[in-house]
Amino acid sequence: MKIGLLGFGVVGQGVYDLIASREDMSVVKVLCRKDVSLPGVQVTKDFNDILNDSDIDTVVEAIGGLHPAYEFVKAAIEAGKNVVTANKALVATFYDELIPLAKEKGLCFRCTAAVGGGIGWLSELERARRIQTIEKVGGIMNGTCNYILDSMTRLGFDYTNALKQAQELGYAEADPTTDVEGIDTWHKAILSSNVAFGICLDSATVPVAGISRIQATDVENFKAHGLVCKLISTGMFTKGKVSAYVQPTLVKFGEPESAVPANYNLITFVGSASGRMSFYGQGAGRYPTAYNVVQDCADVLLDKGFYSPCGEKVKAENTDFMRYYVRGEKDSWLEENTAETWGTAIISKPISVEAMHVWLKNHPEAFIAALAE
Ligand SMILES: NC(=O)c1ccc[n+]([C@@H]2O[C@H](COP(=O)([O-])OP(=O)(O)OC[C@H]3O[C@@H](n4cnc5c(N)ncnc54)[C@H](OP(=O)(O)O)[C@@H]3O)[C@@H](O)[C@H]2O)c1
């Protein structure tokens, strides 16, 4: 396999290092804006040098973001090259275009590192769904949020200090918005649901609430009730209906999710035959992530296509009812739906996920967390 590697950052360099000692694949060209010198490899600033190289059969995309990653990946597929990427935003956003295009061209498209970084989650889902119906997917998919919530729960940090510490340790970006507002988890939830259920979720119907408005007093409240807050994604397939959402969720001490420390991930599927299966590990980092990118390249050598068929476009129907912890804003609707109060916060009567998230959109200063039943 001859690889054109796009991007030479955290993941790109890791991929380069892991492939360097292999005999079955080699990186022959690298797209990099900086001046770097790599033995035996052509480093270029022009993507066309890779696109027009007929010796290159596989493009590994590790630049991230939507553009120009989308244009590069689409052009690579159209030129007959297999694609491996770790870019969840790209795959979740252009799913119904890129997956069918690769299939139509008879090419492989793999993105295992896009969800769970070093955890082989999507490749395991691919195997799991071969012999059973997947009923539920989700869990803790973002190490930055888990690090912040864990520091607040175990070490008593407030949100600002927990975030600062995560940034100092390299677990959070200088601009943490994508992580703390749940967008990263949202992309992973959409991608996981698509693969698990063989559908293409309409992302506009998948609501997301992040953790940026959580306060130390909320965490004290949760502890007093034997609960731990985690950012949890959910995708469910029940009686032909799909529901999907991302929200802070209160789990009981003793549940597996409550014990996930630091920047780790815990991702779970429930299958009709296997029951609950959970996957725990490093959701990010140079070599854990590069490990799964190289695993994908090895799967391309075995001619493995995408993990599941790109099914029809489906709207999530989030009609499941649950109780919510709500703090920060009130109105008559919330008062009507209040079951009890916890300090300045309320616990709602059971309300639909959809109704809660519509309310949150209109009350952006509020913090909500679902009570896992
Ligand atoms: N890091 C992780 O642990 C991890 C885990 C799972 C998935 N991922 C995914 O992996 C992808 C890469 O992440 P990363 O952490 O490796 O990011 P990164 O360290 O920022 O690396 C991205 C590299 O791409 C280069 N780049 C950006 N646009 C380019 C362009 N137009 N032409 C050429 N080079 C360009 C950047 O170059 P400049 O330095 O010149 O800007 C940078 O070196 C993302 O999709 C991310 O979501 C990362």
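Modeller: Let us begin with a definition, which is that angles under 35 degrees count as roughly parallel and angles over 145 degrees as roughly antiparallel. Please also keep in mind that this is a predicted model.

Colleague: What makes α3 and α5 roughly parallel to each other?

Modeller: Helix α3, residues 69-78, packs against helix α5, residues 95-104, at an angle of about 20 degrees, and their axes are 9 Å apart. Angles under 35 degrees count as roughly parallel, and α3 and α5 are therefore described in that way. Their crossing is left-handed.

Colleague: Which residues of α3 and α5 meet?

Modeller: From α3 come Val73, Lys74 and Ile77, and these meet Leu98, Leu101 and Ala102 of α5. Sorted by class, this contact has 5 nonpolar residues, no polar ones and 1 charged residue.

Colleague: At what angle do α1 and α12 pack?

Modeller: Helix α1, residues 10-20, and helix α12, residues 286-301, pack at about 60 degrees, with 8 Å between their axes. The crossing of α1 and α12 is right-handed. Among the residues of α1 in this contact are Val10, Val11 and Leu18, while α12 contributes residues including Tyr287, Ala290 and Val294. The contact of α1 with α12 divides into 10 nonpolar, 3 polar and 1 charged residues.

Colleague: How do you know that β11 and β12 are paired, and in which sense do they run?

Modeller: Pairing asks for at least two bridges between two strands, and strand β11, residues 264-271, is joined to strand β12, residues 275-282, by 8 bridges, with the two running antiparallel. As one example, Val270 has Arg276 of β12 as its bridge partner. The link from β11 to β12 is a hairpin of 3 residues.

Colleague: What is the order of the open sheet of 9 strands?

Modeller: The order is β12-β11-β7-β9-β10-β19-β15-β17-β16, and the pairing is mixed.

Colleague: Why are β12 and β16 called edge strands?

Modeller: Each of β12 and β16 pairs on one side only. From one strand of this sheet to the next, the twist averages 30 degrees. At the β16 end, this strand pairs with β17, residues 345-348, in the antiparallel sense over 4 bridges, and Trp342 has Ala345 in β17 as its bridge partner. Helix α7, residues 143-154, packs on the sheet, where it touches β7, β9 and β11, and its direction makes about 145 degrees with that of β9.

Colleague: What is the order of the open sheet of 6 strands, and how is it paired?

Modeller: This sheet has the order β3-β2-β1-β4-β5-β6, and its pairing is parallel. Its edge strands are β3 and β6, each of which pairs on one side only.

Colleague: What makes β5 and β6 a pair?

Modeller: The requirement is at least two bridges, and β5, residues 82-85, pairs with β6 in the parallel sense over 2 bridges. In one of the bridges, Val84 has Arg110 of β6 as its partner. Helix α12 lies across β1, β4, β5 and β6, and runs at about 160 degrees to β5.

Colleague: Into which domains is the protein chain divided?

Modeller: Domain 1 covers residues 2-110, whereas domain 2 is made of 123-282 together with 308-371. Their C-alpha centres lie 32 Å apart. The contact between them takes 8 residues from domain 1 and 9 residues from domain 2. On the side of domain 1 that touches domain 2, α4 and α5 each supply at least two residues, and the residues of that side divide into 6 nonpolar, no polar and 2 charged.

Colleague: What is the peptide bond that joins His67 and Pro68?

Modeller: The bond between His67 and Pro68 is cis, with omega at about 10 degrees, and Pro68 has its place in the loop between β4 and α3. In general, most peptide bonds are trans, and most residues other than glycine have a negative phi.

Colleague: What sets Lys239 apart in its phi, and where is this residue found?

Modeller: Phi of Lys239 is near 50 degrees, which is a positive value in a residue other than glycine. Lys239 is found in the loop between β9 and β10.

Notes:
Residues numbered from 1 in each chain as written. Predicted model: local features only at pLDDT ≥ 70, side-chain atom pairs only at ≥ 80, totals over all residues. Axes fitted to C-alpha atoms, helices over the stretch in contact; angles between N-to-C directions. Left-handed = near helix turned anticlockwise from the far one by under 90°. Contact = placed C-beta atoms within 7 Å. Nonpolar A, V, L, I, M, F, W, Y, C, P; charged D, E, K, R; others polar. Parallel < 35°, antiparallel > 145°, perpendicular 65-115°, else oblique. Domains from an automatic or database assignment.
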